[in-house]
Amino acid sequence: MKQAARDGIALGLAVGTSGLAFGAAAVASGLSVAQACVLSLVAYTGASQFALAAAVAGGGNLIAGTASAILLGSRNGLYGLRLAGLLDFRGRFRLLAALGVTDESTAVALAQPAGGRPGRAAARAGFLATFGSLYLTWNAGTLAGALGAGRLGSPNTFGLDVVGPAAFLALLWPRLRAGRTERAVALAGAVIALAATPFCPPGLPVVLAAGAALGAALLPSGAAGTADAAQAPGPDRPAGPDRAAQTADERPCR
Amino acid sequence: MSGTWIAVLVTAVCCYALKLAGLTVPPQWLAHPRAQRFATLVPVALLAALIAVQTVGRGESLAIDPARLAGLGAAAAALLLRAPFLVVILAAAGTAASLRALGVA
């Protein structure tokens with residue numbers, strides 16, 4: 001249980017520094033410092049926050065940008081489905097714990113040895129330690145990055161326009177290493193989004209890319225698909241069949 | 001209230017509500033293997049799409065920005081070397097900024 005807490009605190013502190021990158025990218029995109037901070041305090045999910053900032057920067061359709069940010073946040077709901085039985089938080093405390101559901105806190109909670117009361121205690125300790133340290137550093141980093149970027153002048157001069165894509169690549173990296181299915185879905189998602197870009201308002205092409213995941217999930221997947229379906233994404237997750245690239249749905253939007 | 005504020009607040013509240021819904025819904029609802037496969041693959045498709053669009057997209061068109069491409073390449077190289085997240089970000093931004101400062105790209 002102490003080990004779980006230590007791991008969680010270390011991971012939270014390390015990953016939370018990327019709040020600086022979000023704060024800087026958000027202000028560079030045209031969000032105010034207050035808007036960047038509200039996103040980090042309440043949404044508290046990096047990929048969605050970067051997605052909304054990108055939609056604002058593109059000067060595009062805010063509805064589509066918001067939709068893609070929420071769609072990106074939907075995975076936290078799916079993490080929650082797995083965490084509910086594991087952590088078994090109830091009542092008012094569940095309202096607070098829900099805020100802490102992220103990739104990182106889920107990963108630490110699921111990494112603890114399962115079983116009985118000690119297993120639940122370790123999972124809770126890991127989850128809460130990650131939540132606490134990551135929430136503090138992510139929000140402090142957001143504020144610092146947002147204030148710093150305001151004094152820096154043109155964001156492109158400092159390469160801040162590449163911070164978003166680089167952060168997504170880093171977040172996606174473990175899943176790309178996880179198997180062929182993941183790589184095929186990633187490729188199909190990128191192709192769909194690029195193909196749709198000239199025909200759609202900014203933000204929408206990214207939503208359409210979800211079709212790649214839907215196609216891969218609906219295709220007959222055999223034993224590999226069902227055996228690994230209950231596992232969280234991770235380096236030990238077995239690869240499924242490489243069929244997602246055939247599912248690319250590149251209908252133009254207009 | 002500006003459109004941007006509405007987008008920020010709707011995103012923030014909906015992202016929290018999704019987390020709470022997941023913790024509140026009975027786990028049996030996601031018992032189907034295909035639903036689980038979709039759940040694990042959706043972030044992969046969306047993040048890859050974001051990388052592509054943010055790197056070569058400009059509004060409703062595609063445009064090659066050599067400094068930005070080089071920055072993303074530097075990030076990939078840092079990831080191959082197992083660099084921590086912050087180093088990956090610094091490598092990407094530093095590469096793009098350096099190329100622009102030198103007038104190369």
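Leaving aside its neighbours within four places in sequence, which residues is Phe50(A) in contact with? In this predicted model, the list holds Ala21(A), Phe22(A), Ala25(A), Trp138(A), Val163(A), Gly164(A), Ala167(A) and Phe168(A), along with Gln54(B) from chain B.

**The nonpolar cores**
- Phe50(A) belongs to the largest nonpolar core, which has 72 residues.
- Together with Phe22(A) and Val185(A), Phe50(A) has the most contacts inside that core.
- H2(B) supplies the largest share of this core, 10 residues.
- Another core, of 13 residues, lies apart from it, and its members include Ala84(A), Phe89(A), Ala123(A) and Phe127(A).

**Where the chains meet**
- Chain A brings 98 residues to the contact, and chain B brings 69 residues.
- Between them, the two chains bury about 7100 Å², with 77% of that on carbon and sulfur atoms.
- On the chain B side, Lys19(B), Leu23(B) and Arg37(B) lose the most area to chain A, together 12% of what that side buries.
- Zero salt bridges are counted between chain B and chain A, while six residue pairs across the interface are in polar contact (both at pLDDT 80 or more).

- H2(B) gives the largest share of the side that touches chain A, 23 residues.
- Sorted by class, this side of chain B has 48 nonpolar, 13 polar and eight charged residues.

Notes
Residues numbered from 1 in each chain as written. Chains lettered and ligands numbered in written order. Predicted model: local features only at pLDDT ≥ 70, side-chain atom pairs only at ≥ 80, totals over all residues. Heavy atoms only, no water. Contact = heavy atoms within 4.5 Å. Buried area = accessible area lost by both parts, 1.4 Å probe. Salt bridge = Lys/Arg side-chain N within 4 Å of Asp/Glu carboxyl O. Polar contact = N/O pair within 3.5 Å; in protein donor to acceptor, adjacent residues only side chain to side chain. Helix = DSSP H or I, 4+ residues; strand = E, 2+ residues; numbered from the N terminus. Nonpolar A, V, L, I, M, F, W, Y, C, P; charged D, E, K, R; others polar. Core = buried A, V, L, I, M, F, W, Y, C linked by side-chain atoms within 4.5 Å. Buried < 20%, exposed > 50% of the residue type's maximum accessible area, 1.4 Å probe, protein only.
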